[in-house]
Amino acid sequence: MKLALVIASILVVFGISASAAPMFPQCPPVGADIGCEFLITVNANGTTSVAADSTQGPYDNSEDVLVGVLNNSSSTVTSLPLMSSTSAFGFDGDGACSGTFSPNPPAAQCQGGVFPTTDPAGYESVGATFGSINSGMTAATVFLSLAPGQSTWFSLEGALTASNITPGPVGSGVPEPASIALIGIGLCGLGLLRRTRKSQ
């Protein structure tokens, strides 16, 4: 016990402190952050929730944020509509993958395995791309291929809060069992119809 107190005292004297683990490690360390400032979770029932880690601020020490996405549902998530009360999609060249921070994320986690020089690619990760950005830069769709239990991340413009980020209904690439059954019944019906025509 005394040894632990001595070591802690030495660390304080020399200004050395161990970094606390990030609450949301889905994002890599970028600039001033060691994890995601926000985490969007796709819940088991398909709804979404947004949580914030108050220990992580803008990664550029100004206004831009890291956002993680975690799929806790049983289906692959292919799209995530997002709305913001700010121009979160008004990209201006300093995305997390722009290669201008220390540390940068691993290049392998960015589009094409490089630090892109154009937007929105500089704000995307290899697992999340943006589309359908509206003219006010307040809404877009994040395209993903996120299997159950997987996570990915991206960055957004502006000093956001959890209440500024509103996810819409997620898109899923895996049909529900009932949909598969209906497709099967439809195909059987077409097969019978074709067989009947051939026999006539």
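**View 1. The disulfide of Cys97 and Cys110 is left-handed, because the torsion about its S-S bond is about -80°.** In this predicted model, local features need pLDDT of at least 70 and side-chain atom pairs count only at pLDDT 80 or more, while totals for chains, interfaces and linings use all residues. Residues are numbered from 1 along each chain as its sequence is written, and side-chain values use heavy atoms, with hydrogens and water left out. A disulfide is a covalent bond between the sulfur atoms of two cysteines; here the term is used for a pair of cysteine sulfur atoms within 2.5 Å. The sulfur atoms of Cys97 and Cys110 are 2.0 Å apart. Cys97 and Cys110 both lie in the loop between strand E4 (77–84) and strand E5 (129–131), so the pair ties together parts that are 13 residues apart in sequence. Strands (E, at least two residues) and helices (H or I, at least four) are DSSP runs, numbered from the N terminus. Are these two cysteines buried or exposed? Both Cys97 and Cys110 are buried, where buried means under 20% relative accessible area, exposed over 50%, and partly exposed in between (1.4 Å probe, protein chains only).

View 2. Cys27 and Cys36 are both buried. A search of the whole structure finds 2 disulfides, and counting bonded cysteines along the chain gives the pattern 1-2, 3-4.

**View 3. Strand E6 (residues 139–146) pairs with strand E4 in the antiparallel sense.** The two strands are joined by 6 bridges; strands count as paired if DSSP finds at least two bridges between them. Look for Ser79, whose bridge partner in E6 is Phe143. How many residues of E6 are buried? The strand is mostly covered, with 6 of its 8 residues buried.

**View 4. Strand E5 also runs antiparallel to E6.** Here 3 bridges make the pairing.

**View 5. Stepping back, the chain has 2 helices and 9 strands.** Starting at the N terminus, the elements run α-β-β-β-β-β-β-β-β-β-α. Of the 200 residues in the chain, 36% are buried. Take the contacts (heavy atoms within 4.5 Å) between residues at least 6 apart in sequence: 73% of them join residues at least 24 apart.
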